[in-house]
Amino acid sequence: SPSLPWCRMSDHRIEAVLHGTKQELSSVRADKIFRVASCVGLKITQQQHESADAMLDATATMMPPSCAPPRPLLLHCTVDATQRPIILSSTSTMLRYMIRFTTNASLLGRSHVEMAQADSWLDWMWSHIEVPLCVVLEHADAQQSYATLLKSLENALATVDRHLEGRAYLVGDRTLADMVLVVLLEAIELAHPSRTKLVHLDRWYSNMIKTMAQQS
């Protein structure tokens, strides 16, 4: 168990609904939420909206006045069916929040150092992998930028490969960052099946797939 007891809330019951358009609920962003939730034993329902504006209208009363500008996906969480609901709009924040309600809180990191390292990897993967990947998947017709983005993804994966040399996981004994990278790598395989094979990354990926399959 993690050495940070304050981050464990597994004795509470959480109900979560992911709001989004049909496109967003089938995106890499949503896939991260559903895949990780499945692996840690959380059930998330989804609410599809005809448009982003319709989603915002439907969830407006759930959001406090000071809420940050909404993003394409919103997670509506209720704890113990009695506390005031909370709305989350960042996928990384959604994942961190949900995991605290499971017996897998160690995925957040087993120490303050590991938590900081896992958070750093999540931020880095968002900017260096997820953003260019989503552009590739959603705007594949932009040929000129397409090749540049694929090269950017190759470079990012090469960075991860170098980090994984001599390591079983990105951080410690497997964290949320590892699980998110699995989802991103699967999407990359679909968008760019001819990517350069990387020894350490592919070894890590095979190991993670087996681990997540056993937990799902």
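1. The note opens with a group of charged side chains: E189, R195, K197 and D202 are linked in a network of salt bridges, a salt bridge being a side-chain nitrogen of Lys or Arg within 4 Å of a carboxyl oxygen of Asp or Glu. Side chains of opposite charge can pair when their charged atoms come close. In the structure there are eight salt bridges.

2. The model is a predicted one, in which local features need pLDDT of at least 70 and side-chain atom pairs count only at pLDDT 80 or more, while totals for chains, interfaces and linings use all residues. Residues are numbered from 1 along each chain as its sequence is written, and side-chain values use heavy atoms, with hydrogens and water left out.

3. On confidence, the protein chain has a mean pLDDT of 84, and 85% of its residues reach 70 or more, where pLDDT is the predictor's confidence in each residue, from 0 to 100. Over residues 1–7 the pLDDT is below 50, and this stretch has 18 contacts in the model beyond near neighbours in sequence, a contact meaning heavy atoms within 4.5 Å. Residues 65–69 also have pLDDT under 50, and for them the model has two contacts beyond four places in sequence.

4. As to the overall layout, the protein chain contains eight helices and four strands, which are DSSP runs (H or I for helices, at least four residues; E for strands, at least two) numbered from the N terminus. Read from the N terminus on, the elements follow the order β-α-α-β-α-β-β-α-α-α-α-α. Among contacts between residues at least 6 apart in sequence, 70% join residues at least 24 apart.

5. Of the 216 residues in the protein chain, 49% are buried, where buried means under 20% relative accessible area, exposed over 50%, and partly exposed in between (1.4 Å probe, protein chains only). The accessible surface of the chain comes to about 11,000 Å², and 52% of this belongs to carbon and sulfur atoms; such areas come from the Shrake-Rupley method with a 1.4 Å probe, and for residues only the protein chains shown count as cover.

6. R35 counts as partly exposed at 23% relative accessibility, and E186 is partly exposed at 22%.

7. A further pair is R29 with E24, whose closest N and O atoms are 2.8 Å apart. R29 is buried, with a relative accessible area of 17%, and E24 counts as buried at 10%.

8. Helix α8 (residues 199–215) has 17 residues and should span 24 Å at 1.5 Å a residue, and its end C-alpha atoms are 25 Å apart, which agrees; the expected span is 1.5 Å times one less than the number of residues. In α8, the residues L201, D202, W204, Y205, M208, T211 and M212 are buried.

9. V131 lies in helix α5 (residues 112–138) and is partly exposed, with a relative accessible area of 34%.
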